[in-house]
Amino acid sequence: MILVEAGSDDDRGFDAKIVFSAQLAAHGHAVVIDENSLPAMLHRNQKYEVAPYLANIADVSISRVLLIGAEDISDATLMRLRACNLADVAAISAIGDFPDHQSLLGARARLAYALGREPQVVNLSDLHKIGLPKASIATQIRIPPPERPPLPTLFLFVPGERLDDPATLPILAAIDDGSAFRLTILTDRKGKEKIKESRFAGLSLLGYAELGPMTLARSADIAVFYGEDTLNERMSAFAVELFAAGKTVIDCTSTKSLLTDAPALRGPDDLDALPDYLNRSVVPNLEELGIHAQNSRWTASRSIERIEEAFGIPQSGHPGTTVMETRDEARTIFFPTNGNGLGHAQRCTLIAAEMDAAERIGFAAYPSCVGLIRGKGFACLPLVPKSVDH
Amino acid sequence: MTGHLTLAYIIDPRFQGGTSAAVAREFRALHDLAHIRVHAVTSRMFRGKEVAPVLQNALDDLGIPVVWDAPHVSADTVVLHNPAFLKFDPPFAMRIFARNFIVVTHENFLRPGGYEAFDAGHCLKLLDSACLALRKTLAPVSSHNRTTIADWLATRSGFDNWSLLDTDWHNICDFPILTPTPAPLDRRGRHSRPGFEKFPSLEQLDACFPEHAIANVIVGGDAFRHESTHRLHWTLVPFQSIEIDKYFEMIDFMVYFTAPTWRESFGRVLAEGIAAGKVVISDPDTASVFDGAVIPSRPAEVTAVISHFINHPKRYAEHVLAAQAKLAVFSADAFRATHGAMIGDLPEAAA
C-alpha cells in the first residue's frame with residue numbers, strides 16, 4: 001500500500017492528501033492515510049472522502065511512502081514519520097515544487113535525517129516542465145472524457161465575498177434562467193449561506209469541498225473561476241482534471257493564476273459579461289477547445305504515469321476503470337430520506353417496479369425503511385442518519 | 001604584538017554551536033599576529049538570530065569592532081568562515097579584494113552516500129563573482145571534511161580556480177583537561193543540539209543506552225520525550241539547560257552516533273568529551289578525525305567496548321590520557337604554528 005503524506009501538517013496539507021489519494025486510488029493504486037494525521041477539525045464532507053483511506057499504519061503493510069508538498073515539510077510531519085518505523089518500507093518518495101536547487105537539497109536532507117535513509121526526491125516543475133498554479137500541491141491524472149449531454153453543464157466558482165455585491169446574485173440567476181447552460185454554483189460556506197437566505201435559493205449549489213475534484217470534473221463541461229486569490233487545492237485539482245478530460249476552463253480570477261502556462265481561457269472580469277462571452281466564444285467551439293486542452297503539452301505532463309515513471313511505481317489497473325461508468329451502465333438509486341422515509345420509500349418502490357432494468361435499481365434509505373424496501377425485492381443500503389457529529 | 005599585515009574575516013556571526021566557538025578561539029589565537037578586522041554579513045540563513053554570545057564575548061574582549069554588510073572588504077588575507085551561510089542568498093553584494101582568500105568549509109559538501117549536503121556550487125559561485133584574489137583556497141576543517149570537499153570537486157567543473165589547502169583548518173580546541181576517573185562505571189551520555197541529523201535510529205539509541213546501564217544521560221534529546229519514544233531509563237536533558245561540566249560529572253563514557261545520513265565535519269563535542277576525561281565512542285568516519293583518540297565502533301558493539309574498560313580501569317585511564325595528548329594538534333599553539341605562518345608569509349602592507 002502507498003502511504004500518502006503531505007509536507008505541511010495543517011488543514012491544507014491534509015486536504016491535499018485526500019485529493020491526491022483519490023486520484024491515485026482511481027488509477028488503481030492501494031492507498032492509505034495515517035489516521036494519526038487527522039486534524040482536530042474535519043469538514044463533514046472530508047470525513048466521507050477520507051474514510052476509505054484512513055488506517056492505523058501499524059496494521060497495514062506499507063510498500064511506499066509518497067509525500068507531496070515536500071517544499072515545505074513541517075517538524076510535526078517529520079516527527080510522525082519517524083515514529084512510524086518505516087525501516088521495512090521499500091521506498092520513500094517525495095514530490096515538491098522547489099524554487100531552487102538548495103530547496104530540493106534541504107528537503108531531501110530533512111527527510112534523510114528524520115528517517116535515517118535517503119528518499120527519492122522529484123521536483124514537480126521538472127516532472128511537469130511547466131509551472132503549476134501555486135495553490136496546487138497534489139498532482140493529477142487523466143480520465144477519459146464522458147459523452148457530452150445536450151446542454152453544457154456550467155460550474156461557476158464564486159467565492160463568498162464576491163456575493164456581498166448585491167448585483168452578483170441577480171446576474172447568476174439570469175445565467176441560470178437562460179436556456180444555454182445547466183448552471184451549478186460552486187462556493188464556500190459563506191457563499192452557500194448567503195444564497196440559501198436569498199430569494200435565489202433555488203440556484204443549483206455546491207460547496208467547493210462537498211464533492212471531490214474528480215467527481216466535479218465528471219459532471220462539468222465548462223468551469224469558470226472567479227476570485228481575488230489564487231485557486232485553492234481542490235479547485236486547482238478540479239481545473240486540471242477538466243483539462244485532462246477535454247473540458248473547458250475559463251479563468252476570470254483577478255490573479256489569472258491559471259493562465260501562466262495552462263490551457264485555460266481568459267474570461268471577462270465582469271460577471272455580467274460572462275453569458276455573452278460563453279455564448280459567442282465558448283459554446284460554439286466547445287469541442288475544439290476541449291481537444292486543445294486535452295492534447296496540450298501542459299496537460300500531457302500531468303499524468304499519473306509521469307509520477308509512476310519517476311519513482312518506479314508499478315502501474316496498477318487502468319486509468320479510470322474503477323471510476324467511469326458509461327451511459328449503458330447507468331444505475332438508478334432511490335434516496336427516500338424525507339422524514340422517516342416510510343411514505344416516500346413505499347411510493348418509490350412502486351415507481352421502481354414500473355422501471356425497466358430492475359437489476360440496475362437500488363435504494364439507500366434509513367434503517368426503518370430497509371425491511372420494507374427489501375421486502376419489495378430491491379437491494380437497499382442502510383443510511384446513517386444525520387447526527388450532532390455531522 | 002600586532003603586525004602590519006591585514007587579516008579580514010567575513011562571517012555571519014549569528015551562527016550558533018561549535019563553529020562560533022571555534023571562530024571565537026581563532027580570533028583570540030591570531031589577534032597578535034595581524035591586524036584583524038571582522039566583517040559581518042546579514043545572510044538569510046540566520047534571519048532572526050542574535051550574534052552568538054561566544055563570538056560577541058571574544059570580539060568585546062579583543063576590542064574588535066564589527067562592520068555589518070560593508071560594500072567591499074580588502075585585506076592581505078581574507079578568511080570567510082562557513083560558506084554555507086550563503087546558500088539561501090541571491091548574488092552577493094559585497095566585493096572582496098585580497099591576495100589570499102581562504103574559505104573555511106565548516107560543513108561537509110557531501111553527506112554519506114555522496115549526496116549533496118547543501119548547494120555548495122551556488123555558494124562558491126557567489127564568492128567567485130564577488131572576489132578578486134591572487135589565490136582562492138578552500139580550507140577543510142578535518143580529514144573527513146577534506147574527503148567530502150575533494151570528492152565534490154572531482155565531480156564538478158568550473159571550480160578549477162579553487163585550491164585545497166594542504167593542512168586542515170581545524171577547530172581550535174583548548175578545553176580544560178580533566179583527570180580520568182580511576183574507577184569508571186557504566187554511566188553513558190551524549191550531548192548535542194536536538195536536530196534529527198544528530199541522532200541515529202531509535203533502535204540504535206537503544207543499543208547505545210540500554211536499560212542495564214547505571215546512567216544514560218542524553219542532552220538535547222528533546223524529541224524523545226514523545227510517549228512513543230520515551231525510555232524510563234534515559235535521563236533526557238533539554239538542550240542548553242545544563243552546564244556542560246555538570247553533565248560530564250554524570251557520565252564516564254560518551255557515546256556519540258548520528259543519523260546514518262549525516263556526519264560531523266569536525267566533531268567538536270567529541271574533543272570536549274576527551275578533554276573532560278571520558279572515553280569517547282563514535283562511528284569510524286567521525287572517529288577518524290581524532291587519530292585514535294575516539295574509539296571507532298558501531299551501536300551494537302558499544303556495550304562490549306564499555307564493558308572492556310570497566311573491567312580494565314587502568315586501560316580506561318591510559319586511553320583517556322593518550323587521547324588527551326592527541327588533542328594538542330587542535331590547540332591554539334598548533335593553529336598558530338600551522339596557519340599563522342601562512343598568514344604572516346605575505347609582503348608587508350605599504351606604510
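**Exercise 1. Which residues in H1(A) meet residues in H9(A)?** Describe also how the two helices are arranged.

*Solution.* The model is a predicted one, and the work begins with locating the two elements: helix H1 of chain A covers residues 11–26, and helix H9 of chain A covers residues 233–244. On the side of H1(A), the residues in contact are Arg12(A), Asp15(A), Ala16(A), Ile18(A), Val19(A) and Gln23(A), and their partners in H9(A) are Glu233(A), Arg234(A), Ala237(A) and Glu241(A). Sorted by class, this contact holds four nonpolar, one polar and five charged residues.

The next step is geometry, since two packed helices are described by the angle between their axes and the distance between the axes. Here the angle is about 25° and the axes lie 9 Å apart. Because angles under 35 degrees count as roughly parallel, H1(A) is roughly parallel to H9(A). The crossing in which H1(A) passes H9(A) is right-handed.

**Exercise 2. Which residues of the largest nonpolar core touch the most other members?** Follow one of them to its neighbours.

*Solution.* The largest nonpolar core has 88 residues, and those touching the most other members are Phe27(B), Val78(B), Phe92(B), Phe101(B) and Phe290(B). Taking Phe290(B), and leaving aside residues up to four places away in sequence, one finds contacts with Phe266(B), Gly267(B), Leu270(B), Ala271(B), Ile274(B), Lys326(B) and Phe330(B). Another core, of 28 residues, lies apart from it and includes Leu163(A), Ile171(A), Leu271(A) and Leu274(A).

**Exercise 3. What do the buried residues of H6(A) pack against?**

*Solution.* First list the buried residues of helix H6 of chain A (residues 168–177), which are Thr168(A), Leu169(A), Ile171(A), Leu172(A), Ala173(A) and Ile175(A). In chain A, these pack against strand E7 (153–157), strand E8 (182–187), helix H7 (189–196) and helix H10 (274–282). Ile171(A) is also among the members of the core of 28 residues.

Notes. Residues numbered from 1 in each chain as written. Chains lettered and ligands numbered in written order. Predicted model: local features only at pLDDT ≥ 70, side-chain atom pairs only at ≥ 80, totals over all residues. Heavy atoms only, no water. Axes fitted to C-alpha atoms, helices over the stretch in contact; angles between N-to-C directions. Helix = DSSP H or I, 4+ residues; strand = E, 2+ residues; numbered from the N terminus. Parallel < 35°, antiparallel > 145°, perpendicular 65-115°, else oblique. Left-handed = near helix turned anticlockwise from the far one by under 90°. Contact = heavy atoms within 4.5 Å. Nonpolar A, V, L, I, M, F, W, Y, C, P; charged D, E, K, R; others polar. Core = buried A, V, L, I, M, F, W, Y, C linked by side-chain atoms within 4.5 Å. Buried < 20%, exposed > 50% of the residue type's maximum accessible area, 1.4 Å probe, protein only.
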